Amino acid sequence: MIKIKDLHFTYPGAQQATLNGVNLEIQQGEFVAIIGNNGSGKSTLCKTLNGLIPNFIVGDGSGRVEYNGEDLWNMPIGKIAKRIGYVYQDFENQIVCPTVLEDAAFSCLNYGFEDYMEKGIDALNLCDLLAKKDDYIWQLSGGQLHLLALAGALALAPDVLILDEPIAQLDPAHAKQMYDILKDLNEKHGKTIIVIEHHSEYIADYCQTAILLHEGRVLWKKDARAALRECQQLIDCHIYPPQITVAAQLLQDQKTGVKSAVLPTTFSEGKVFFQAMDSLVQADVIHTHNDVEKEIAVELTDITVQYRSVKGDPKTLFDNFNLNIFKGDKIALIGSNGAGKTTLMKLLVGLLKPKRGKIKMNGVDVTSYRAEQLASHISLVYQNPEQMLIKESVRADIEFAMKERKVANYQEQAQELIALFDLEAIAENDGRLLSGGQMRRASLAIGIALEPPILLLDEPTANLDIATRQEIIRTLELLKDKIETVIIATHDMQLVCEFATRILVLSSGEVICDGSREFVFSNQAVRKQAGIEPPAIYQMAEQLGGCAYTVNEFVQAFQKEQCV
Amino acid sequence: MKAVTEQLWDKFSLDFLRNQVLKNAYGNDDTIIAKIDPRTLLIWYIFFGVFPWFMHNPTLLLGLFIFVAVTTRLAKVAPLVLVLFCFGVFTQSGYLLIVSWFFGGNLETLAPLLIMTLKVSITSLASITVFSGLNPDRLASGLLWFGCPDQFAFSIAFAYRILPILMEEFQNILLSYRLRGQAPDNSGWRGKIRYVIYQVRIIMLSFLPLMLNIAKRSRTTVEALELRGYRYANQNKVIKKMKIKMLQLSQLDFYFALISIAWLWGCFVVAS
């Protein structure tokens with residue numbers, strides 16, 4: 001159906017070609033994942049399919065792109081749009097109308113379909129959004145916005161859908177919904193689906209084939225599961241295979257003689273694979289009951305918070321909310337979108353004032369303090385790092401807060417932070433032009449410049465590819481020694497497992513569970529209520545009657561068995 | 001007292017402003033005014049925006065003023081807009097009224113000023129009615145019908161689409177300055193002045209990062225508009241016709257026009 005022959009493309013002004021001789025065929029009805037590290041040309045390849053290249057983005061290109069025998073490169077963009085739909089990674093910028101139905105029907109209206117409203121409604125129906133058709137865009141959650149972007153592309157009834165990282169910003173429940181919808185479109189409506197995806201667990205569960213791109217070339221196209229078994233090659237390309245596959249590979253490498261077995265990629269395959277090996281040793285669950293009296297850092301008592309709403313009465317989110325945060329806590333704040341994570345953070349830094357209740361910090365009542373007054377005691381790193389970059393260079397941004405407060409040796413301290421966060425090469429650049437991971441590291445350095453005793457991080461690993469995410473998790477480890485109390489709001493359960501000593505589960509403005517990872521993850525009711533998906537490796541171990549939070553722990557549990 | 005100042009201060013917050021703008025643009029789409037066809041409202045507006053300037057009879061103007069005051073009430077205009085309206089009218093001409101009265105002006109000097117103030121008020125209230133009652137998309141299709149270029153009509157709707165994003169982005173950047181910067185001590189009147197200057201300075205400084213961030217975002221939007229056929233539609237007359245076909249006159253439009261004309265006629269009769 002789609003045939004690409006010897007495709008080259010160089011962006012104007014670029015030194016190197018982004019696409020370097022791509023040869024590829026995609027069949028009708030395929031569900032394909034395109035994988036590859038940042039800069040391997042994934043997005044560029046997709047833009048050659050939707051006509052943006054060469055119709056809109058001019059560059060130096062050669063080769064042939066065919067769709068059912070027609071030459072895509074000489075087709076007007078409008079004609080392509082009816083055949084191939086595209087959903088951006090930053091999908092919210094793709095939505096241009098104020099209301100849901102209007103946006104879904106926008107393309108159809110523009111291309112002159114008389115029945116554009118019906119088409120819009122059909123598309124919303126396919127994306128589970130029909131109930132929201134008269135809502136305004138800003139009333140939707142992030143997950144719903146993403147579905148709307150999909151509906152907007154779907155309304156033109158294209159045969160092919162291309163999605164650039166469809167679940168990067170979604171919590172597990174919404175991510176699953178997204179993929180279930182895609183699967184439905186693929187199986188029941190015969191759409192060909194192409195996703196750029198970093199989450200290999202989803203590739204294993206949903207995709208049929210996978211294409212590995214590296215330095216602007218297709219290295220191979222394989223059956224999706226076979227592709228994920230190429231552990232070493234994937235890791236070399238900065239792609240992380242499913243945790244289950246990695247664990248199986250590690251175990252196989254250590255046990256000589258059993259190389260023959262096929263590595264598992266999905267949960268059910270993993271079950272068969274590991275059960276065939278030795279039984280998993282019940283890891284020694286170390287119940288560290290800290291009887292040491294911990295000092296309270298922040299105390300929230302009887303907090304009630306109300307929000308202004310555009311229509312009708314203010315909404316109450318927190319009602320008599322109580323919480324103690326102790327010095328030295330490394331807290332992960334989890335819960336689905338809208339559970340109150342951001343509200344809690346805003347309360348703590350003094351951006352939001354409670355309607356009733358008291359906030360004490362180190363025993364001092366700070367309820368009425370302005371955010372500026374609290375700034376040197378508690379610091380917040382936003383989810384969107386661009387909004388922290390207010391100066392002309394990364395260095396100036398890191399120095400800014402210290403300089404304003406007349407810290408004597410601010411230049412040396414900034415230099416130390418730059419070295420610590422590995423920002424030397426880019427310290428003089430404008431932060432906005434950095435890659436996602438670099439920008440995130442810079443924002444962390446900015447956040448801790450004043451060495452606040454308490455640091456809040458809002459989704460520090462959202463929107464990052466897996467390799468960059470690992471890099472940020474490592475960077476966060478560095479923070480542990482520098483900052484006494486850290487609170488992270490996140491959907492990323494691997495981060496939770498590796499970082500937190502205390503987990504707070506929020507659900508509609510209430511803490512429904514508070515404790516160690518052992519305590520929280522073993523509570524099925526809480527997991528269900530708050531929509532928490534523990535890491536795949538934990539669920540695997542759980543199935544096998546054991547307990548492990550990381551791949552290493554999992555592998556070690558097996559090794560112990562061998563030693564006995 | 002402290003509670004009062006805090007409440008007042010709260011009204012100056014960007015969050016409040018954002019809420020009010022959204023309220024005005026979208027929060028009142030269930031009013032009677034919002035159900036009237038945009039074309040009817042635009043014609044009505046042209047009349048009430050122009051007609052008062054040629055009238056000098058205070059009774060007639062007062063009648064018109066009462067009428068637009070009622071329509072403003074019906075449109076459920078956000079409080080902030082009303083406050084701005086009062087402030088605007090006062091700075092336009094209302095203060096002259098007070099000044100001239102203060103310096104011993106009699107009714108004769110006051111009358112022309114009063115008329116002037118009434119005229120300004122009528123046109124302002126009429127525009128408030130129309131623009132709060134019409135959400136941006138309806139306004140855009142109405143303008144389109146009158147032959148306004150599509151680019152202009154679309155940019156109105158799109159401006160409202162990105163306004164909330166823009167304000168949130170601005171709020172966060174401003175916050176970066178506030179939290180990381182060091183506000184001057186605001187005790188005493190000198191401190192207060194310094195504090196205000198500081199606030200104004202960081203608001204101005206926030207604009208550059210805001211523009212850069214928006215520029216970064218809009219790259220996707222521009223590409224998406226192309227993919228979604230925006231340019232294609234602009235060059236095509238048939239599609240423009242489709243866009244305005246959704247506008248439909250109803251009985252409500254008829255009654256609205258009838259009541260407006262009847263009221264005007266009544267005012268004329270009373271005035272003469």
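How many residues does the contact take from chain B and from chain A? It takes 45 residues from chain B and 42 residues from chain A, two residues being in contact if their C-beta atoms, placed from the backbone, lie within 7 Å. The structure is a predicted model, in which local features need pLDDT of at least 70 and side-chain atom pairs count only at pLDDT 80 or more, while totals for chains, interfaces and linings use all residues. Residues are numbered from 1 along each chain as its sequence is written, and chains are lettered from A and ligands numbered from 1 in the order in which they are written.

**Figure 1. The side of chain B that touches chain A.** Helix 2 (14-26), helix 8 (136-145), helix 9 (150-180), helix 10 (188-227), helix 11 (230-234) and helix 12 (237-245) of chain B each supply at least two residues of this side. Helices (H or I, at least four residues) and strands (E, at least two) are DSSP runs, numbered from the N terminus. Helix 9 of chain B gives the largest share, 13 residues. By class, this side of chain B has 22 nonpolar, 11 polar and 12 charged residues; Ala, Val, Leu, Ile, Met, Phe, Trp, Tyr, Cys and Pro count as nonpolar, Asp, Glu, Lys and Arg as charged, and the others, Gly among them, as polar.

**Figure 2. Chain B and its domains.** Chain B contains 13 helices and zero strands, and its C-alpha trace spans about 65 × 65 × 30 Å along its principal axes. The chain is divided into domain 1 (28-134 + 249-272) and domain 2 (135-235), with bounds from an automatic or database domain assignment. Taken over C-alpha atoms, the centres of domain 1 and domain 2 of chain B are separated by 30 Å. Five residues from domain 1 of chain B and seven residues from domain 2 of chain B form the contact. On the side of domain 1 of chain B that touches domain 2, there are three nonpolar, no polar and two charged residues.

**Figure 3. Helix 8 of chain B.** Nine of the 10 residues of helix 8 of chain B are buried, so this helix is largely enclosed by the rest of the structure. A residue is buried if 20 or more other C-beta atoms, placed from the backbone, lie within 10 Å of its own. Among the buried residues of helix 8 are Pro136(B), Asp137(B), Arg138(B) and Leu144(B). Just after the helix, Gly147(B) takes a positive phi of about 90 degrees.

**Figure 4. The largest nonpolar core.** A nonpolar core is a set of buried Ala, Val, Leu, Ile, Met, Phe, Trp, Tyr and Cys residues joined through C-beta atoms within 7 Å. Of the 220 residues in the largest one, Ala151(A), Leu333(A), Ala445(A) and Ile537(A) touch the most other members. Helix 9 of chain B provides the largest share of this core, 10 residues. Domain 1 and domain 2 of chain B both give residues to the core, so it lies between them. Leaving aside neighbours within four places in sequence, Ala151(A) is in contact with Ala104(A), Ala123(A), Leu124(A), Cys127(A) and Leu129(A).

**Figure 5. An open sheet in chain A.** Four strands of chain A form this open sheet in the order 12-11-14-15, with antiparallel pairing; two strands pair if DSSP finds at least two bridges between them. Strand 12 (315-326) and strand 15 (364-365) of chain A are the edge strands, each pairing on one side only. Strand 11 (residues 296-307) and strand 14 (residues 356-361) of chain A pair over five bridges in the antiparallel sense, and Val298(A) has Met361(A) in strand 14 as its bridge partner.

Notes. A residue is buried if 20 or more other C-beta atoms lie within 10 Å of its own, exposed if 12 or fewer, and partly exposed in between; C-beta atoms are placed from the backbone.
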